[in-house]
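Hi,

Here is the structure I promised to pass on.

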Amino acid sequence: MKTITFSQATLEAMREEMQRDPTVFVYGEDIVRQGGIFGQFKGLPEEFPGRVRDVPISETMIVGAALGAALTGTRPVADMHFADFIGVAFDELVNQIAKNRYMFGGQANIPLVIRAPDGIINSAAAQHSQSVEGWVQNIPGLIVVAPSSPATAKGLLKSSIRQNDPVIFFEHKVLYPQKGPVPEEEYLTPIGRAEVRKPGKDVTIVTYSIMVQKCEEAAMELEKEGISVEVIDLLTLKPLDMQTVVDSVKKTHRCVIVHEAVVTGGLGAEIASQVQEKAFFYLDAPVMRVGAKNLPIAFSSVLEKFIAANQDDIKRAVRSVLYREG
Amino acid sequence: MPFQKKEFPDKFAALSKEDKVGLLRTMVRIRAFESRVEELFLNRRIPGFVHLYIGEEAIASGVMANLSKNDWITSTHRGHGHAIAKGAQIHRMMAELFGKTTGYCKGKGGSMHIADFSVGMLGANGVVGGGYNIAVGAGMSSMIKKTDQVAVCFFGDGASNRGTFHEAMNIASVWKLPVIFVNENNQWASTTPTSFATSVARIADRAKGYGMEGYTVDGNNVIEVYNAAAALVEAARKGKGPALLECLTYRIKGHYVGDPEKYRTKEEVQKHFTENDPIIRYADWMKGKGLIDDAALATMKAEAEKEVADGEKFAEDSPLPEKEDAYNDLFSFSPSEFPEVVK
């Protein structure tokens with residue numbers, strides 16, 4: 001094992017895949033001259049001349065051209081700058097990329113990756129702080145992944161680049177400078193498989209991305225209260241690995257879903273529905289959701305912190321499904 | 001409608017007699033297909049929406065004669081003509097319109113989503129202006145793989161008002177991508193005249209805003225279209241970058257089959273059809289040059305009609321999809337691998 005940052009882990013993934021396959025290329029705003037706003041592309045342009053490219057501020061082109069490139073024999077990786085800007089190119093994502101294979105009867109593979117830095121960071125305010133996985137959850141034809149650590153970032157990005165389907169790669173901005181252990185040897189993290197981060201027997205927490213570490217920390221504190229929490233890191237948000245979730249809930253009989261995105265219409269709603277459909281008679285308490293309040297993310301840090309879900313919210317939800325005061 | 005003519009080198013003159021006849025045959029085959037599709041739709045044998053290319057055949061025929069199967073095109077909701085000219089097979093197109101499993105999209109696409117990736121036809125598109133960036137991406141592939149493949153993006157006058165036009169034209173120019181933007185200005189965006197909805201008289205003028213060459217040709221003169229496309233495709237192939245080619249034409253049929261067309265007179269339509277039918281114009285020219293006679297033209301039309309009739313028979317005899325086929329083709333993997341995908 002070596003210890004590297006999340007940002008370096010994505011860089012290693014890019015480098016390895018670009019060395020392995022000359023048809024992999026990457027483009028985005030400010031990735032060559034700046035190295036990416038979070039330094040996640042530093043050094044890559046020098047190693048792969050012509051295959052790492054700055055583009056104009058043209059989101060419909062950034063997303064739409066990835067489809068054209070993928071259909072014609074290359075494996076593009078398109079960087080969105082901020083996940084929020086997917087909104088600018090929603091038709092390209094929803095009506096073109098997601099529908100292409102199905103609508104044309106499976107004529108072509110669509111090996112493309114949309115890298116989308118998301119989440120709340122440093123008072124970035126309403127248009128640069130969103131977690132937008134809920135926007136794309138309702139669209140058949142997309143794969144959505146969200147790593148939670150340097151190791152999963154590297155393994156999932158490599159898998160995403162090799163996938164013959166469109167993948168949206170949500171990478172939380174707060175994670176970039178964080179360090180973590182990453183295997184020395186080459187590895188892939190499978191798409192479509194959740195991982196149990198911490199085994200437990202009283203309550204299942206289902207979470208992903210930045211909230212995994214917050215849930216793990218909350219779980220450690222809850223241990224002191226005698227509560228044993230199992231933390232599941234989804235890693236892939238679409239398709240959901242409900243088997244892992246349901247197996248856990250059948251064991252713990254209680255489920256809390258935690259994400260940074262707003263609660264209303266979020267992934268938690270889908271997971272809660274599926275849990276009650278598949279494990280209703282195993283449940284000893286209502287399934288609870290923890291996420292941001294149903295508001296845009298405000299600028300002032302007082303407001304930003306209030307709107308976001310925190311560890312206290314997580315702990316409170318866990319206690320509530322155990323019918324404990326909190 | 002006046003426009004500044006650009007004299008392109010007469011590459012057409014150097015074509016063999018066979019190739020010159022081929023330009024006409026493509027147009028005649030498209031017309032035969034579209035005419036029968038119109039009847040079939042009106043007889044309720046084809047469901048959905050159908051947008052016909054009748055009267056605009058010279059553009060697809062003239063442009064595609066400059067492309068190989070390795071080149072790519074993106075098409076529009078009015079895409080049957082592009083598909084046929086690019087080399088798609090009529091019987092499989094017809095099967096798609098019938099919603100049969102033998103259709104190009106196994107019955108999942110229909111008229112607005114005709115595609116044959118095997119000949120570089122990257123798809124009709126139900127979203128107006130949806131093809132620009134796909135063509136740009138194809139141009140990027142050509143650049144990354146260092147091939148001389150060219151992408152041609154067909155789009156209508158209505159689509160020239162989409163924002164995607166701007167982003168695609170700009171990047172194509174900045175990166176000198178091998179993409180030719182072929183505008184089919186048929187005067188009508190559904191019920192809205194081009195003159196009402198478009199800020200410039202000549203869509204080709206918009207190329208200037210992107211530092212790109214832009215030309216206007218008579219889109220109902222297949223020779224003009226051929227020569228302009230020949231020059232622009234050759235330049236793109238040599239790495240000289242993109243261009244915009246506006247082809248002036250007229251939408252003879254309604255926006256869709258069944259359109260009551262209350263926004264224009266029958267006389268206006270009839271005048272265009274009798275005076276400016278691209279097939280009659282080119283056939284007459286060929287007759288004048290002794291390249292074809294009435295008997296050969298009649299034979300060509302009969303052959304095209306037979307090909308369409310055979311295609312219709314093939315479509316009729318083909319099986320409808322099984323319900324469970326709905327689960328296939330969403331991803332590269334089988335639904336059984338990830339049951340949650342199609343839960």
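Let me start with one residue, Leu245(B). Leaving aside residues up to four places away in sequence, Leu245(B) touches Ile180(B), Val182(B), Asn183(B), Tyr215(B), Val217(B), Ala228(B), Ala229(B) and Leu232(B). Bear in mind that this is a predicted model.

The domain assignment of chain A gives 2-182 as domain 1 and 195-321 as domain 2, and their C-alpha centres are 26 Å apart. Where they meet, 24 residues come from domain 1 of chain A and 23 residues from domain 2 of chain A. If you want to find the domain 1 side on screen, look for helix H5 (133-137), strand E6 (143-145), helix H6 (150-162) and strand E7 (167-172) of chain A, the elements that each give two or more residues to it. That side of domain 1 has 13 nonpolar residues, 10 polar and 1 charged.

Next, the contact between the chains. In total, 39 residues of chain A are in contact with 38 residues of chain B. On the chain A side, the elements giving two or more residues are helix H3 (59-71) and helix H4 (90-103), and H3(A) supplies the largest share with 9 residues. By class, the chain A side splits into 17 nonpolar, 17 polar and 5 charged residues.

How do H3(A) and H4(A) sit relative to each other, parallel or perpendicular? Their axes come within 10 Å and cross at roughly 10°. Angles under 35 degrees count as roughly parallel, and H3(A) and H4(A) are therefore roughly parallel to each other. From H3(A), the contact uses Thr60(A), Val63(A), Gly64(A) and Leu67(A), while H4(A) brings Glu92(A), Leu93(A), Gln96(A), Ile97(A) and Asn100(A).

Cheers

Conventions:
Residues numbered from 1 in each chain as written. Chains lettered and ligands numbered in written order. Predicted model: local features only at pLDDT ≥ 70, side-chain atom pairs only at ≥ 80, totals over all residues. Contact = placed C-beta atoms within 7 Å. Helix = DSSP H or I, 4+ residues; strand = E, 2+ residues; numbered from the N terminus. Nonpolar A, V, L, I, M, F, W, Y, C, P; charged D, E, K, R; others polar. Domains from an automatic or database assignment. Axes fitted to C-alpha atoms, helices over the stretch in contact; angles between N-to-C directions. Parallel < 35°, antiparallel > 145°, perpendicular 65-115°, else oblique.
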